[in-house]
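Open the model in your viewer and keep the sequence beside it. The stops below say what to select and what is there.

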Amino acid sequence: MLWVAALTLSSSAAAGQWPEFRGPSGQGLASETGLPLEWSESRNVLWKSPVPGRGWSSPSISGGRVWLTTSIEGSEGRQRGLSLRALAFDVATGREVVNTEVFRVDRPEELNAKNSYASPTPIVDGDRVYVHFGAQGTAALTTTGEIVWKTRLDYQSQHGNGGSPALHGDLLIINCDGNGGDAYVVALDVKSGKTRWKTPRRQPADQAYTTPLVINGGGRDQVVSVGAYRAVAYDPANGREIWRVAYDDGFSNVPRPVFGQGLVFIATGFQQPALIAVRPDGTGDVTRSHVAWTLRRGAPYTPSPILVGEQLFIVNDAGIATCVDARTGTIHWQQRLGGNYSASPVHADGRIYFQSEEGVTTAIEPATTFKRLATSQLDGAMLASMAVAERSFFIRTQSHLYRIGVK
């Protein structure tokens, strides 16, 4: 363990939670205050711990532990197989407290150069931790690292795993989008891992790497699931389609949808990226009737948008940040931040934080005029999204996990 600083938590410190990808709401919004505006390797680092193997899952935080997944190659590289593992670190000290092999894969699939074999983010719910490695396997563990159940979902993904599960009541809902014509959305029973419902994607289908978002829109619960060529809202109780919206030539989608101001914001993917705002109170094909507006300039391939009040903030993969009026799609500003972007932004303590792949975090004011507040640099690449809890940022780089806070 590499120590930068020892941290002692007072008994009055808030017991922060960031239990899934993009936090409690699934949309990157944090309630923490007292967070640092800026940091570096020598400033506001409470601890820094090495993370074994390779993975781009984002940190999930609950019960005083930080959860990640990772993949560790055999002694002769991945030709000798991979160990897919769940890790937990103590929030207070950064000490590794759980390291469990969940699956061993003899012949792993090929990956996109930016992907990893451990990219989906864990979900922590009470005394259970749910980990997902795409078609390589899904499992539930106890918070001490014992495996409760394991299952494998059969589909063919061209570039490896990507999207994380979504938790709704006693269901774990997962997008399984492949390029072999076997794409579907599935809900697993959290207690047993058994399939409760499974809904095939409409054809044609293709690869996508998105995380579902459960919303209440039009007076009903909906699972908004973004896939190739169309996004669909399903009834979480039974997987039946409620509405769908189509987009031509949109596939390999990554961003998680965002919901607010009566609209769902959906990134349409490659080849011509756009961001569409959809009213979620329709039924059937709502492509012509319920699309409120479309943004074509500056739409992202990978980072998810973030909604703060009435404004939607976006950064695309090339580092162009955009602020638009969420209700109308009117562009307030566009600004080049510098660098390349895969991580999704967070809003915390009155600021929006954008992480570049080059290790730079840019803090801006969430306003209709652009104001850069600070930039911070850490060593190593950053593709995982940050977590916010315990008055701290938890940031995963290519080789380490950091806790960033005011000393």
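The model is predicted, with local features needing pLDDT of at least 70 and side-chain atom pairs pLDDT 80 or more, while totals for chains, interfaces and linings use all residues. Residues are numbered from 1 along each chain as its sequence is written, and side-chain values use heavy atoms, without hydrogens and water.

**The sheet**

Strands here are DSSP runs (E, at least two residues) numbered from the N terminus, and two of them pair if DSSP finds at least two bridges between them.

Next, select residues 184-189, strand 11, joined to antiparallel strand 12 by five bridges. Val185 has Thr199 in strand 12 as its bridge partner.

**The cavities**

A cavity is a set of points on a 1 Å grid over the protein atoms alone where a 1.4 Å probe fits but cannot get out; lining residues have an atom within 4 Å of a point. Three cavities have 30 Å³ or more, a volume being the space filled by probe spheres set on the points, which are joined across faces, edges and corners.

For the largest cavity, about 80 Å³, select Tyr155, Gly162, Gly163, Asn175 and Ala208, the nearest to its centre among 14 lining residues.

The second largest cavity has about 50 Å³. Select its lining, which includes Asp177, Arg201, Arg202, Asp206 and Arg230.

Conventions:
Helix = DSSP H or I, 4+ residues; strand = E, 2+ residues; numbered from the N terminus. 1 Å grid on protein atoms, 1.4 Å probe; cavity = no way out; pocket = protein on both sides within 12 Å on 5 of 7 lines; lining within 4 Å.
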